[in-house]
Amino acid sequence: MIYDADYFERGIETGKSNFQNYRWLPELTIPMAMSIVDLLEIKRGEPVLDYGCAKGYLVKALRLLHRDAWGADISEYALRQADKDIARYLVNADILVKRWINKVPTHYKNVVCKDVLEHIPFIDLTFLLKNLDCEKLFAVIPLGNNGKYNAPANDRDATHIVCEPESWWLKLFRDCGWAPTFVSNRVDGIKDHYADIPNAHLFCVHRRSK
């Protein structure tokens with residue numbers, strides 16, 4: 001499996017990812033969660049899904065902020081590593097996709113896709129964006145062109161397979177039924193260590209088009 005212990009714990013030495021000893025870092029994750037709460041205007045008790053949650057640390061932070069946070073991921077390894085206090089809020093992403101295919105309501109008003117969409121083959125990516133069951137979507141995506149990311153660190157993750165500029169991503173969202181309400185290359189509290197690299201990432205909030 002690609003997203004295994006080597007990916008999360010020894011990513012640099014194995015050449016699989018930029019992760020090394022991936023763990024709970026509240027001094028980084030809680031400010032990030034607060035930035036997401038502010039951007040999406042998530043009220044206390046309001047449901048939010050972290051799609052691509054890995055070990056569920058953002059879910060944990062959002063729950064500490066009294067939001068009804070849930071997580072989904074395709075990595076069984078990551079899900080098994082989740083803290084006991086949040087494991088019950090995490091599911092395999094394939095289960096959610098099947099619900100969306102069958103039009104079973106999941107009632108997540110907000111969905112977060114941080115460092116996720118660039119991992120998904122285009123045909124599956126289009127399907128996901130067309131079928132996500134939510135009102136608001138917040139995405140953080142590494143930007144690039146001609147096979148090279150604007151931030152060199154993003155080239156070192158072997159599972160990054162979509163490398164496109166901002167205009168390409170915004171068109172994809174639009175074609176999949178989303179209208180932008182916020183578009184930026186910087187959000188304080190999220191990926192601050194990339195602040196000196198122009199256009200390293202796209203930060204965007206979209207709503208379903210009418």
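Tutor: We'll take the overall build, then some strands and a helix, then a few single residues and ring pairs. This is a predicted model, in which local features need pLDDT of at least 70 and side-chain atom pairs count only at pLDDT 80 or more, while totals for chains, interfaces and linings use all residues. Residues are numbered from 1 along each chain as its sequence is written, and side-chain values use heavy atoms, with hydrogens and water left out.

Student: OK. How many helices and strands does the protein have?

Tutor: There are eight helices and nine strands. Both are DSSP runs numbered from the N terminus: helices are H or I with at least four residues, strands are E with at least two.

Student: Now the strands. Which way do S1 and S2 pair?

Tutor: Strand S1 (residues 47-51) and strand S2 (residues 68-73) pair in the parallel sense, over five bridges. Strands pair if DSSP finds at least two bridges between them. Within this pairing, Leu49 is opposite Trp70 of S2.

Student: What else pairs with S2?

Tutor: Strand S3 (residues 90-92) does, also in the parallel sense, over three bridges. There, Asp73 has Asn92 of S3 as its bridge partner.

Student: Which helix goes with S1 and S2 in a β-α-β unit?

Tutor: Helix H4 (residues 57-64), and the unit is right-handed. Right-handed means that, with the strands pointing away from the viewer, the path from the first strand over the helix to the second runs clockwise.

Student: How many residues of H4 are buried?

Tutor: Six of its eight, so H4 is mostly covered. They are Tyr57, Leu58, Val59, Lys60, Ala61 and Leu62.

Student: And what covers them?

Tutor: The cover includes helix H3 (26-40), S1, S2, S3 and S4. Cover here goes by contact, meaning heavy atoms within 4.5 Å.

Student: What happens just after H4?

Tutor: His66 takes a positive phi of about 70° there. Most residues other than glycine have a negative phi.

Student: Where is Asn146, and is it buried or exposed?

Tutor: Asn146 is in the loop between strand S6 (144-145) and strand S7 (148-149). Asn146 has a relative accessible area of 76%, so it is exposed. Its phi is positive too, at about 55°, although it is not a glycine.

Student: What about Asp115, which loop is that in?

Tutor: The loop between strand S4 (110-114) and helix H7 (122-131). Asp115 has a phi near 55°, and it counts as partly exposed because its relative accessibility is 22%.

Student: Changing topic: what does Thr126 touch?

Tutor: Setting aside neighbours within four places in sequence, Thr126 is in contact with Leu172 and Cys176. Thr126 lies in helix H7 and is buried, with a relative accessible area of 16%.

Student: Last one, the rings. How many aromatic pairs are there?

Tutor: A search of the whole structure finds 13 aromatic pairs. Tyr7 and Phe8 form one that is edge-to-face, 5.1 Å centre to centre with 75° between the planes. Rings of Phe, Tyr and Trp (its six-membered ring) pair if their centres lie within 6.5 Å; planes under 30 degrees apart count as stacked, over 60 as edge-to-face and the rest as tilted. Trp24 and Tyr57 form a tilted pair, 6.0 Å centre to centre with 45° between the planes.

Student: Where do those two sit in the chain?

Tutor: Trp24 is in the loop between helix H2 (11-14) and H3, Tyr57 is in helix H4, and they are 33 residues apart, so the pair links distant parts of the chain. Tyr57 counts as buried at 8% relative accessibility, whereas Trp24 counts as partly exposed at 22%.

Technical notes: Buried < 20%, exposed > 50% of the residue type's maximum accessible area, 1.4 Å probe, protein only.
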